[in-house]
Amino acid sequence: MANLIPIYYLGKKHMVPEGVTIMGAIENSGHRLVRGCGCRGGFCGACATVFRIPGDHQIKVGLACQTRVEAGMDVAILPYYPAQKVLYDFKTVTDPARALQTMYPEMYRCLGCSACNKICPQDLPVMDIIAEAQRGNLPAVAELSFDCVMCGLCASRCLAQMVPYNIAMAARRLYSHSMLLGPDYVGVRIREIEQGVYDRQIDALLEKSQEELQKLYAERDIECI
Ligand code: FES
């Protein structure tokens, strides 16, 4: 039987099994997470969590589905953090770098404090990402921010009150839409679909039940790369 250790969730003490994740511990304590819980695999960023350890002055952060409990930790999950997100229409964009700078001018208020780097649970170089965005270097922003899970923690700490993850997401979208050429086979396949080459197969799929579709999906060929 696992050792039990105390943690505090929303100020209330719970005895939880040692070695489990914060998310597992909270659910083990009888809470049902309706918000602040998504993929459970460290990908969706829904479970951004702040905590303190007794005797340590630092605020620590992590993803609740990935971070293991420690004795005495005082935990709060941040299921949502208010964030500014600019709406944009790719069709009107002629200069993607300039468009990003116009959409998020607050990026030039960055103080270089590095709080975003320190809080990122993915260990991304958030400050560098913003510096590249300021320079209009969208390929670099896309590359550096590729593993962002948009948990919101950088926005919670930014002294300039910007939302780094939305800036990076806009940069990735602008880059892939306006600067990256898609692979040839995508165009070929789209043309084939438009010409009706796959109509028979698509009709056959539409007639299948959900169970049959699930079975087909589970048994599909998986390309290894
Ligand atoms: S639940 Fe998706 S990252 Fe934790």
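Reply: Helices α4 and α7 are oblique to each other, a term for angles that are not under 35 degrees (roughly parallel), over 145 (roughly antiparallel) or 65 to 115 (roughly perpendicular). The model is predicted, so local features need pLDDT of at least 70 and side-chain atom pairs count only at pLDDT 80 or more, while totals for chains, interfaces and linings use all residues. Residues are numbered from 1 along each chain as its sequence is written. Helices (H or I, at least four residues) and strands (E, at least two) are DSSP runs, numbered from the N terminus.

Helix α4 spans residues 126-135 and packs against α7 at an angle of about 50°, the axes lying 10 Å apart. Such axes are lines fitted to C-alpha atoms over the stretch in contact, and angles run from 0 to 180 degrees between N-to-C directions. The crossing of α4 and α7 is left-handed, that is, the near helix is turned anticlockwise from the far one by less than a right angle. On the α4 side the contact (C-beta atoms, placed from the backbone, within 7 Å) involves V126, I129, I130 and A133, and α7 contributes P164, I167, A168 and A171. These residues divide into eight nonpolar, no polar and no charged.

Most residues other than glycine have a negative phi. Q161 is exposed, because 9 other C-beta atoms lie within 10 Å, and the cut-off for exposed is 12 or fewer.

Terms used
A residue is buried if 20 or more other C-beta atoms lie within 10 Å of its own, exposed if 12 or fewer, and partly exposed in between; C-beta atoms are placed from the backbone. Two residues are in contact if their C-beta atoms, placed from the backbone, lie within 7 Å. Ala, Val, Leu, Ile, Met, Phe, Trp, Tyr, Cys and Pro count as nonpolar, Asp, Glu, Lys and Arg as charged, and the others, Gly among them, as polar.
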